[in-house]
Structure formats: C-alpha cells, structure tokens
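Try each task before reading its solution.

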Amino acid sequence: MSALLEQLLYDLLQRYRFLRDELASVQGPPPEVLTYRDGFLTRVDRCIRVIEGLLDDPDLSQPSFARNNFHIYKRLSELAQAIDEGPVLSLKRFSSSDLLLTRLVAAMCREFGFPHTPPLCTAMSTQYYCTITGMDLLLLPHSESSHLLGLPDVYHELGHILLFRNSSVLSQLRAKSQAHFQSEVLRAQSEAWPANSIAALQSYSNRWLGEWTLEFGCDLIATYVCGPAFGWTNARLCARLSPDFYEIMTSHPADAARTWAIKLMLERLGRVEAQAIDAQWEELRKTAAQNESQEFHLAFPHALLRELVDTVATYCSGTGIKAYAPGEMPIAKLLNDAWAKFLSNPKDFRRWEQARVAELTARLTAS
Amino acid sequence: MSDTSALSHDYETTAHFAEQVNSAVLSLKKSLRRRTFSSKETGSLADVVQAVRTQIAQELTPTTPSVPPEVIERLTSEHKAQMGYFLEDLATAEKALRGNSPVDSEVVRVLDDICDAADASASAMFRRLRRR
C-alpha cells in the first residue's frame, strides 16, 4: 500500500488537473477576464509541477521531513479549494452583470490610481460585499449591479487588496495603535486602575493588532478616494445591519467608531458634507435608542483615530492614490450624485438610478 | 465589509508566512541530513526566530519579517506555563542560526514549533472562512 502522503498528493494532483481543464474550457470571455483566467492557469500549472516534484522526491518518505511535507500538502490543498470555490466558480458562471461590475471596478481603480491590476468582480456573494484577497476576487450581492447607493463599499473592498499588497502601511497603523495602548497601560498601572480595566486595555490592544486596524484602514482609504458617498453608505449599512453601534466586537470595530473615523477623514479632506452625515448619524442613534458605553472611548480613543486618518492620508498622497475630486472621477462623482439625489428625493430616486445604471451599462459593456 | 474580507486577508498573510518558514525549515533539515549545512543560508530563519521572540516579549521594536498575530497568540498560549524557558530557547536558536553556536536537534525543535503554530493558524483561518 502506498504511503499516506503519496496518496494525498496523487489525489490533489488529480484535483489540480481537473481545475486546469475547467479553466481552459472557459470559452470566449472578454480580454480582461481572459487575462484573469490565464493568471490562474499559470498558478495551477505551477502547483501541478510542485506536486509532481514532491512525488518524484526520494526524500518524500523520510520521517524527519514528513511533517514539513504534510504542511506543503495542506497549503496546496487549501489553494486548490480556494481556486475551485472562487475563480473557477466565478469564471464558469460569468454573466453580463459580472462583466458590468468587473469593468465598473476597473474604471474606479483607474480613476483613483489603484496601483495594482483591478480584481475580477462578480455578483454572487451571500456575505454582502467581500474580497477573497489571494484570489483577486471581489464578490457583491446579486442586486448590486442594478443599484448605486451601496457601490461605495467597493472602495472599502479595494482597500483590503491595497493593504494586503502594501503591508507596510498596515504595519504603521498597527504600530501606532500598539504604541498608544502600551502607553495607556503604563498610565493605568501608575494611576492604580482596577485590574479588570487594565486587562480591558490589553484586550483592546490585541483587537487593534488584529482586525480593527485593517477595517479602519479600509474605511479611511474608501473615504479618501470616494468622499462623502462612502459616509452615507456606511450610515445606511449601520441602519440595516448593526445590532449595537457601540458594541465592542472582536472581528470589526464598533460602528460608531468607524463612523467617527470616516467623519474625521471627510473633515481632513475639507468636505462640508461631513456635518450632514454626522447629523443623520445622530438622528439614527436617537431613533435606535443607542448610547455610548463607558468603555467605548477607552477602546476607540479619538486621538488614535486622528493618527490613523493622518497616516492613511499621507500614505495615499505619497503613493499616487488620488483623493476624491468630482471633476476627475466620473464614477465616484456618479455615486456621490446618487446619494445627493436620493437624499433630496428618495421617492423618485429609483427612476433616476435606473436611467444612470442603463447609461453605465451601455458605456462599460459596449465593447 | 463582511468578516470574510478580513479573514481572507489574515488567512493569506498567515498561509504565506507558514509556507515561507516551512520551506526554509525543510531546506535546513535537508542540509543538516546531507551535512551541507551553512549558517550563511539560515539568516532569514534567524530573523523569523528573532521576530517571534520580540513579538512574544511584546517589545515595540519593529521587526522584519512581521509574524502574524495569530501565530504569536498560538505560541504564547502553548508555552504560557514555561514562557521564560521558551524565550530562552528562541534566543539560543537565533544565536545558532546566525552561526554563533551549533544547530542541533533543540534548534530544530524550536523551528518545528514555529512551523506547527503557523500551519495550525493558517488551517484554522481557512476553516473559519468556510464556517465549518
């Protein structure tokens, strides 16, 4: 009987060969989709060669290497599954809505100087807007290709790709949060705070080191390049989905803190709309009967949020990422116009929106 | 906007780290077995061990490479009971990988610990992405 690792590798080799055939069988996609497909064909071919190399390696059965070879198998196996569930699924079912979204995202990227190849975008998400970072794949819910008010969230998702590819800015943001909380813990100790309050500070510090910094970074990039429309979309999303604006969760920062950070960025950009968004947020807060918890400012100090805003703005301007400028960014302007139109006349907005979506579709999918 | 994006980012970062460290440790094991080991080739592993030690000790010194927080959490939790000894082992391993003392089975054991923590972190995130 063959050894376990050998069996697993043959099984995986067959899976990769199948994925290669599936990708190759995608017929007649437009050029940008073909480029995306070809990138994955190359990756899959490379994995096939790695597996064949491992199977030919006389050291494969060497006991002291077994665990390391098993780890190689696991990463390759995860990649095969991710390619199957992301790119292959998207390409095999690629529709006209997906083409519109892919080209819309590419146009957004060109407008603000996104420094990487734009991702593929498909309307098949069951998880609201999300990015599969390593697959360069952005997933949106089905309806979003026919609507405008949620699209500013695309900029947040592009922020995930930016921060993944440019990890130095994320490291800077994390270092700022860690410096802040380290000094707060020292202050708390010197002022003899209760042990549970000091433990809370340490726990916030860990959350900033994890997901919080990333989410703030993406929000701030989105606000920088898309302007007030992102602030309005954020407020609407909080109204739709947030159970508690001040809840201190592990995965995402509290919605109220994110809203505050977006406001700070809009103010830094000199956008007068910041006040109107703030007023609507206040109305939403009162309507939902939500109040700040005692710990809220400990977890999300304004001074730290200001530092993040400065760091993101400096990073963007230093790397050629453009701040929202209506005259130079027709797509971002359209999304801002959509929000202005909606706020002034929500009842008749849909007719206006449908006409703009039809124009956009004709323009972006003509060729 | 959903948790998926952040998790996907963390998974990619952690899986990349796991892959890099595992590949370097495997090369080291192979060169030790063939008696072709040279400390000139282990500088990057020494940097990883140093980064792990610095981040576990919560020193604010920026390190290259940066070790994913989940890997640090996992190592911290696994060695909580004997953290002092673990930090010492890391310092000894780093010294050896920089060519200042022999690379023995204890050094390889420390490296295997880091590989295992990175692998387990990447696997856990991959699974969380699929909510199983």
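**Exercise 1: two helices of chain B**

Task: find which residues bring α2(B) and α3(B) together, and classify the packing.

Solution. This is a predicted model, so read each value as computed from it. Start with the contacts: from α2(B), the residues V52(B), Q55(B) and I56(B) meet I72(B), L75(B) and T76(B) of α3(B). Next, sort these residues by class: four are nonpolar, two are polar and none is charged. Then turn to the axes. Helix α2 of chain B covers residues 43–56 and helix α3 of chain B covers residues 69–78; their axes are 10 Å apart, at an angle of about 70°. Angles of 65 to 115 degrees count as roughly perpendicular, and α2(B) and α3(B) are therefore roughly perpendicular to each other.

**Exercise 2: a crossing in chain A**

Task: describe how α9(A) and α12(A) cross, and say which residues meet there.

Solution. Begin with the geometry: the axes of α9 (residues 255–268) and α12 (residues 302–318) of chain A come within 9 Å and cross at roughly 50°. That angle makes α9(A) and α12(A) oblique to each other. The hand of their crossing is right-handed. Now list the residues: W260(A), A261(A), L264(A), M265(A) and R268(A) of α9(A) meet L305(A), R306(A), L308(A), V309(A) and A313(A) of α12(A). Counting by class gives eight nonpolar residues, two charged and no polar ones.

**Exercise 3: a helix and its span**

Task: compare the reach of α1(B) with the expected value.

Solution. Helix α1 of chain B runs over residues 3–33, which is 31 residues. At 1.5 Å a residue, a span of 45 Å is expected. From first C-alpha to last, α1(B) reaches 44 Å, close to that expectation. Just after the helix, R35(B) takes a positive phi of about 60°.

**Exercise 4: where the chains touch**

Definitions and conventions
Residues are numbered from 1 along each chain as its sequence is written. Chains are lettered from A and ligands numbered from 1 in the order in which they are written. This is a predicted model: local features need pLDDT of at least 70, side-chain atom pairs count only at pLDDT 80 or more; totals for chains, interfaces and linings use all residues. Helices (H or I, at least four residues) and strands (E, at least two) are DSSP runs, numbered from the N terminus. The expected span of a helix is 1.5 Å times one less than its number of residues. Axes are lines fitted to C-alpha atoms, for helices over the stretch in contact, and angles run from 0 to 180 degrees between N-to-C directions. Angles under 35 degrees count as roughly parallel, over 145 as roughly antiparallel, 65 to 115 as roughly perpendicular and the rest as oblique. A crossing is left-handed if the near helix is turned anticlockwise from the far one by less than a right angle, and right-handed if clockwise. Two residues are in contact if their C-beta atoms, placed from the backbone, lie within 7 Å. Ala, Val, Leu, Ile, Met, Phe, Trp, Tyr, Cys and Pro count as nonpolar, Asp, Glu, Lys and Arg as charged, and the others, Gly among them, as polar.
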